[in-house]
Amino acid sequence: MGSSSASGDLEGEMEVDAFRRLFPLRFHERHLLESIRPDARPLGRARESTVALGAVASADGSALAKIGHTTMLAAIKMEIMTPSSESPDEGSVAIDFHMPPICSPFVRPGRPAEVAPVIAKQLSDAISSSGMINLKELSLTTGKAAWMAYLDCIALTRHRVKELQKILNEAISDMEVD
Amino acid sequence: MAGKAATAPSTYAPSPTQKARQRIFKDVDWVRPDGRGFQQCRPAFLKTGAVNSASGSAYAEFGNTKVIVSVFGPRESKKAMLYSDVGRLNCNVSYTTFANPVRGQGSDHKEFSSMLHKALEGAIILETFPKTTVDVFALVLESGGSDLPVVISCASLALADAGIMMYDLVTSVSVSCLGKNLVIDPISEEESFQDGSLMIACLPSRNEVTQLTLTGEWSTPKIHEAVELCLDACSKLGEIMRSCLKEAAPMSKE
C-alpha cells in the first residue's frame, strides 16, 4: 500500500502520512533501521530547546520552555501562610500541573486530562526529593508566618512532559523573595 | 508536604503595592500610568501557529495582557447533540491562576465564554461545516486590562489560521469613561476606576458590529464619541491582523 512512496512528491507525502497512521509500528521500524527518527534527527540528538524567564509579569517568577514543539509555562505566586506545627520554620511549595483545553484536542473544558494529576505528583516528588528548594529559606517568622509558593505549570502544547524539570529550575531561579 | 496541599491551608497574599488612589481625575486631568495618550492603543504583538496540535491558534500580547487561543475543528459534535444542518460554535475562556495580580480567578470571567460566542458567531459562516462543531478555547496567561477585546481579536486570528470560513475578521476594542475623559484600551488600573465601559466587536471591512457591550454611566453624545473611537481603532487593528496573517501565509506555503 504505502510501502513504495516513490511516485511524485505530493502523492508521496500523503501516502507517508496515511502509512504513519495505519501502520505506526512499521513506520517507526523503517526509520530505526536507518538509525534515524521521523523528523530526521539521529538517535542521539535532542530537539532545539529555548528557555525564557519572566514571561508573565503578574507572577512573582515565571519561565517558558520550548523543546521542539512542546511548550510549557511555569509561574510562581507567593502567599503567606501559617506554618504547620511539625515544621514551624519551613515554608512550603504547592505544585500544580494544568493541561488547559488549548493544548490538545483530547482535553475538554470542565474535564481535566487524566495525566495531569499524575504529572503533578511526579513533579512534586522530584522537587521535594531533589532538595533543590530549601524550605527553611521560605520562613518569615518561626511558627507565625512563612511563604507558600504556588507553582503552577501550564502545558501549552500536548506532547510529553519531561521538559518540566528544566523550566521549574528556571522559574524558581527567576523568583525574588525578600 | 503533600498532606498540607490536600487540606488546602488558607493563605493570603501580602499586598505591599496597593495604594489607595483618590478619585481626583474629575477635576484634574488623568495621566495614564503607561504614558499613552487617551486615544492611543497599546502596541500589539500577534502571532499565529503558536500551538501546533490545534487546527489553528494565535497568541496575542497587548502590553501586559497575554492570551493564547486554540481552535479545534470542524470536528464531530458530541453524540448527545441533535442533527444540525449548520455548524456549531463552542467557546470557552479560562484564566490561569497566575493571570491576576492576586491569585485566584475573578468571578465575572464566567460570562466571557458566552460573550466571546456572541461576538464570533456573527462572523463565522456556519453553513460551511454542517453537523460538526468548531471549538474555540482561550487561555488568558496574564490579565493586564481590556481582556475580552484581546481574546476576541486573538480568537478571530486563530479561526483564520484554522481556515474556518468567515465573513470578515472580528476585531474588538474597549473604551473606558473616567470622569469626563474617554480612554481607549484601558489597563486594569484604569478599569478599576472607570465610570463606564464600552466594548465593540466589529467586522472592519464590512463596517458591521457583531457585539456592543455598554456598562455604567453614559450620556448620549459620549456614547457617539466612544463608538466612533472604537470603530476607528478596530479598523486599524484589522489592518495589523491582516498583515500578521499575510506574513504567516508564505511560510506555510513552502
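Helices and strands here are DSSP runs, numbered from the N terminus: a helix is H or I with at least four residues, and a strand is E with at least two. This is a predicted model in which local features need pLDDT of at least 70, side-chain atom pairs count only at pLDDT 80 or more, and totals for chains, interfaces and linings use all residues. Residues are numbered from 1 along each chain as its sequence is written, chains are lettered from A in the order in which they are written, and side-chain values use heavy atoms, with hydrogens and water left out.

Chain A contains 4 helices and 6 strands. Read from the N terminus, their order is α-α-β-β-β-β-α-β-β-α.

Among contacts (heavy atoms within 4.5 Å) in chain A with a separation of 6 or more, 62% link residues 24 or more positions apart.

Now for the cysteines. A disulfide is a covalent bond between the sulfur atoms of two cysteines. Counted as cysteine sulfur pairs within 2.5 Å, there are 0 disulfides over all chains. Two cysteines illustrate this:

| Cysteine | Nearest cysteine sulfur | Distance |
|---|---|---|
| A:C153 | A:C103 | 13 Å |
| B:C154 | B:C244 | 9.3 Å |

A:C153 is buried, at 0% relative accessibility, and B:C154 is buried with a relative accessible area of 0%.

Key. Buried means under 20% relative accessible area, exposed over 50%, partly exposed in between (1.4 Å probe, protein chains only).
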